[in-house]
Structures are given as C-alpha cells and as structure tokens.
Amino acid sequence: MVSRFENTSLYQLHEMHHAVVAPLNLMAEAGKAFYRSPLLPFNYTQAGRQAAAASELIERITHKYGKPEFGIIHTEINGKQVAVTQKTIDTRPFCRLLHFERDTKIHSPKLLIVAPMSGHHATLLRGTVEALLPFADVYITDWLDAREVPVFAGTFDLEDYVTYVIDFVRMLAPDVHLMAVCQPSVPVFAAAALMNAAKDPLSPRSMTLIGGPIDTREAPTKVNLSAKEHPGVWFESRVITRVPFNYPGFMRRVYPGFVQLASFISMNLERHIDSHLQFFDHLVEGDGDGAAAHKKFYDEYLSVVDLPAEFYLQTLDVVFQRHLLPKGEMTYKGETIDPAAINKTAMLCLEGELDDISGVGQTRAAMDITKGLSASKKKYHMEPNVGHYGIFNGRKFRNNVVPIISEFMKEHEK
C-alpha cells in the first residue's frame, strides 16, 4: 500500500536523469581516451590538455558511482608491516559485520566501530580504520544499501539499529570497546545504557562518541535547524519514495542517498565548485597528485546509499525534533532508556572545533546525562581547527586524536 504522504515520482525522476546523461557520459569517456592518446600531436598542446581535462571532468560529473572497497591489506605495528585480511563474520538483512584481521599475535583492544547510516558507505571511515589498526583489533558495521534489500526482508528502524549494536557487542564479547562516528552516537549510547541497566556482563568496556548528535539543542547547525523546520509528514511527502523496479529492493520505502548528497553539497556549493575547477587545473597542468587527491575524495563522497524510510523518519523525530535521549524519554521496545544507568561502560567524547554538522557541545552533552558514571570513567576532548570529517579522518586525527582513543581503551581494558 502506498502512503498518501510519500513522493512516488522522486526516484523515477532520478533514474530518468541518469538515463538522459548516460550518452553524455559515454561521449566524455571516449573524448578522454581520444585526447589522451600519445599518437596525436594535438594532445601535447595546451588546447589538447584542456580538451582532455574537460572530457574527464564531464565524465566524472555524469558518472554513477558504485560502492568503493576498503582495500586495506596491511598496517604497521611497532615499526613492522603486518598483513590485514578483511573478513565478513556476520551477515544480516541490513548489515554485514566486517573484521580487519591482522596477522599478528600481539594483543590489542577489541574495537567495534559503528559506522553511520547516513547516506554513505562504511568505507567513508577507511582512514579511521587504517589509523586505528596499529592499536586495535578492528571490526566495523557495513550497512547495506536499502535499495538492494528485498521488501520481504522486512523493515529497519532506529530500534532495529540498537538491536544490531547490542547483538554485535555480545557476539564479540567479552571486553569489547565501542566507537560511534556521528549519527550512530545515539543508538550506540542507547545500546550501552540498556546493557548497563540490565547489568549485562557483556556490556562494552568503553564507548567513544565522535561528533555525534546526542543533544542537538546545543549549538544547532544548519542541518539541525532544517530538521526542525517542518513536521515529519512534510519530510515524508517530499523525500520518501519507493525503490524502482530495476533494483532488488523494488517498492521498498527509502530516503534516497542522492537527496542526502544534494543537501550536503548545497550547504557548501561554492567549495565543491572550486574543488572541481581546481581538479580541471590539476589535469591541465599535469599535477597527478592533486588530481588523485580530488578523485580519492569524490569517489567516496559521491558514492551514496539509500536509507530505510522508517529508520530515517524515526531518527528525525527522536533525535533531531524531540531530543528524547537527553531528556530521558527515548524508549526501546517499550522500555525507557535511562542515561544515568550507564555505570560500567567508560565514555570518551570527541568533538571538532569547526564541526558544521554536529555543533560543539552536542556530543559533550553525553557527559552531563551519564550521572551514574564516575568522573574517572569519563573523558572529553575538543580538537581545535578541525571540522566534522577532520575529527575522525586525516592528519590531525591520526596524530592527535588516535593516541587519545588508544590510551583510553587501554586504561579501561579491564
């Protein structure tokens, strides 16, 4: 049955757009190959290089990006290169649990990274995983694209997300450390609170919350404000649609990844335009490193996934509109989640000074509501001069933040 609120034509229009630009993409790809041929003297001229650069730019803009690979095959531990093998250790309708198995007998804390279900693949955290592998035995949730999940697999909402986290913690127990990057901070916090309240002996040893929306009433950003401008039915009528027939998830209600991507790009449109113009200049000038860096970022950034509609709408309501977790009113299967019940799981809160997605103070709010957790088990750090992505990726993350995470896990290993 089709909801009277959903936008049934949104996905069809998106697919039609791709069909229309497909010939342009093929022409641009052919042009790129033609103007890069070493056999044509024209291609060594300034005009030839510009033609090749323009062809590649158009080809990338009109390209339909697939799921990237983690591609992590080794890490360095104590100055020695160690092989890494990616293994799938559990598969569920909406998620795979991955393990980056290191070929070493050195003991390290067992870390479950809960990746965000917010429109991008878990590979957005490739740098996070790489930076932590020398110090931790890393697992990560690889959320599946909702358009690839058949309708008969059922629905998936915020409560299901919490259930998955609890199940994975118990599967990897004992002595598991949790990490939530951005969006999963709320369900990860909820999972820890429920396990602590139940005095579950398999409760996580610690949880690290990075740039998460624990309480978006603190320093609200454009993202937070836009989520409160309209009621849930307004969002449902405009951004919820059905997966078209050419995908396994045909007729599943979803919040499309391309809508989320358009929203993020519009927030920083000028920066993205400048970046593509610089990419064009890098190609013309033969700056391979600059062009490669652009490709690496946008290959990931432009690869998006669809979210189950019920998860998106429930998260919008519970986290961004009614702020139920910090108010002590969030429920799980009829049980009220009490933040003060956390008394065993240590907590590290990390924020970036320039975060324009989760404002400064939104993650730190977890420090105030965990009234049952001793001060010795709580730590807060704000990394100066980094934005949302810089708090979990990049040079400052590797050099400044990872040592804090590593020491915190070691401190609360037992």
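What is the volume of the largest cavity? The largest cavity has a volume of about 50 Å³. The structure is a predicted model, in which local features need pLDDT of at least 70 and side-chain atom pairs count only at pLDDT 80 or more, while totals for chains, interfaces and linings use all residues. Residues are numbered from 1 along each chain as its sequence is written, and side-chain values use heavy atoms, with hydrogens and water left out.

Rolling a probe the size of a water molecule over the atoms shows where empty space is left. Here a cavity is a set of points, on a 1 Å grid over the protein atoms alone, where a 1.4 Å probe fits but cannot get out, and lining residues have an atom within 4 Å of a point. Grid points are joined across faces, edges and corners, and a volume is the space filled by probe spheres set on the points. The count by this rule is two cavities of 30 Å³ or more. Among the residues lining the largest cavity are H120, H121, W143 and D306. Its lining comprises eight nonpolar, two polar and one charged residue (Ala, Val, Leu, Ile, Met, Phe, Trp, Tyr, Cys and Pro count as nonpolar, Asp, Glu, Lys and Arg as charged, and the others, Gly among them, as polar).

H121 sits in the loop between β4 (110–114) and α3 (126–132); helices (H or I, at least four residues) and strands (E, at least two) are DSSP runs, numbered from the N terminus. H121 is buried, at a relative accessible area of 8% (buried means under 20%, exposed over 50%, partly exposed in between, with a 1.4 Å probe and protein chains only). Neighbours within four places in sequence aside, H121 is in contact with K67, P68, S303, V304 and V305, contact meaning heavy atoms within 4.5 Å.

**Backbone features**

Most residues other than glycine have a negative phi, and most peptide bonds are trans. The peptide bond from A173 to P174 is cis, with omega near 10°, and P174 lies in the loop between α4 (158–172) and β6 (176–181). Two non-glycine residues with positive phi are tabulated below.

**Nonpolar core**

The largest nonpolar core has 105 residues, and I405 is one of those with the most contacts inside it. Such a core is a set of buried Ala, Val, Leu, Ile, Met, Phe, Trp, Tyr and Cys residues joined through side-chain atoms within 4.5 Å. Beyond its neighbours within four places in sequence, I405 has contacts that include L132, M179 and F397.

Technical notes
1 Å grid on protein atoms, 1.4 Å probe; cavity = no way out; pocket = protein on both sides within 12 Å on 5 of 7 lines; lining within 4 Å.
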